[in-house]
Amino acid sequence: MELKNYQNKILADISRYFDVLQHSKDFDDAYHTFWTTNNPPIMPSLNGAVKPYKNTVPGAPHLCVKVPTGGGKTIIAAAALKNIFDAF
């Protein structure tokens, strides 16, 4: 199955996040760096669209992909496994 352009962009963003994480080794710092180096830059804030990092499972990166209903979240998750395993 061929992925749609927005799905490929999401996978590229996941890979970029894990690249940033590999360099910083700190989940909160990697999350902040990922968003502030985005194009356009986004500053995570409590009142903004992108909230600050949530360390819900200590020792494991927290990653959330928001896609509308019917947007292929299951396909994205399955395809993202390769990106995640490649990063580690």
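Visitor: Is Lys 25 buried or exposed?

Guide: The model before us is predicted. To classify a residue, one compares its relative accessible area with two cut-offs: under 20% is buried and over 50% is exposed. Lys 25 has a relative accessibility of 62%, so it counts as exposed. This residue sits in the loop between α1 and α2. Its backbone also deserves a look: although Lys 25 is not a glycine, its phi is positive, at about 65 degrees.

Visitor: How many helices and strands does the protein have?

Guide: The protein has three helices and zero strands. Read from the N terminus, the order of elements is α-α-α. With a radius of gyration of 13 Å, close to the 12 Å that the globule rule gives for 88 residues, the protein is as compact as a globular protein of that length. The C-alpha trace spans about 35 × 30 × 25 Å along its principal axes.

Visitor: What share of the contacts with a separation of 6 or more joins residues 24 or more positions apart?

Guide: In this protein the share is 48%. An individual pair can illustrate such a separation in sequence. Gly 59 and Asp 26 are 33 residues apart along the chain, and their C-alpha atoms are separated by 9.7 Å. Gly 59 belongs to the loop between α2 and α3, and its relative accessible area of 69% makes it exposed.

Visitor: Which residues have the most contacts inside the largest nonpolar core?

Guide: The general idea comes first. In soluble globular proteins, nonpolar side chains tend to be buried together. Here, the largest nonpolar core has 16 residues, and Ile 14, Tyr 17 and Phe 18 have the most contacts inside it. Two or more residues of this core come from each of α1 (5-24), α2 (27-36) and α3 (73-87). The largest share, seven residues, is supplied by α1.

Visitor: With which residues is Ile 14 in contact, leaving aside neighbours within four places in sequence?

Guide: A contact here requires heavy atoms within 4.5 Å. By that criterion the partners of Ile 14 are Leu 63, Val 65, Ala 80, Asn 83 and Ile 84.

Visitor: Why does Phe 34 count as buried?

Guide: Phe 34 counts as buried because its relative accessibility is 6%, and the cut-off for buried is under 20%. The residue is part of helix α2. Once neighbours within four places in sequence are set aside, Phe 34 is in contact with Asp 13, Arg 16, Tyr 17 and Val 20.

Visitor: What percentage of the residues of the protein count as buried?

Guide: Of the 88 residues, 25% count as buried. The accessible surface is about 6,200 Å², and carbon and sulfur atoms account for 61% of it.

Visitor: How far apart are the mean positions of the positive and negative charges?

Guide: The protein has 9 positive and 7 negative charges, and their mean positions are 9 Å apart.

Note on methods
Residues numbered from 1 in each chain as written. Predicted model: local features only at pLDDT ≥ 70, side-chain atom pairs only at ≥ 80, totals over all residues. Heavy atoms only, no water. Helix = DSSP H or I, 4+ residues; strand = E, 2+ residues; numbered from the N terminus. Rg over C-alpha atoms; globule rule 2.2 N^0.38 Å. Buried < 20%, exposed > 50% of the residue type's maximum accessible area, 1.4 Å probe, protein only. Areas by Shrake-Rupley, 256 points an atom, 1.4 Å probe, with all protein chains shown as cover. Lys, Arg positive; Asp, Glu negative; His and termini not counted. Charge placed at Lys NZ, Arg CZ, Asp CG, Glu CD. Core = buried A, V, L, I, M, F, W, Y, C linked by side-chain atoms within 4.5 Å.
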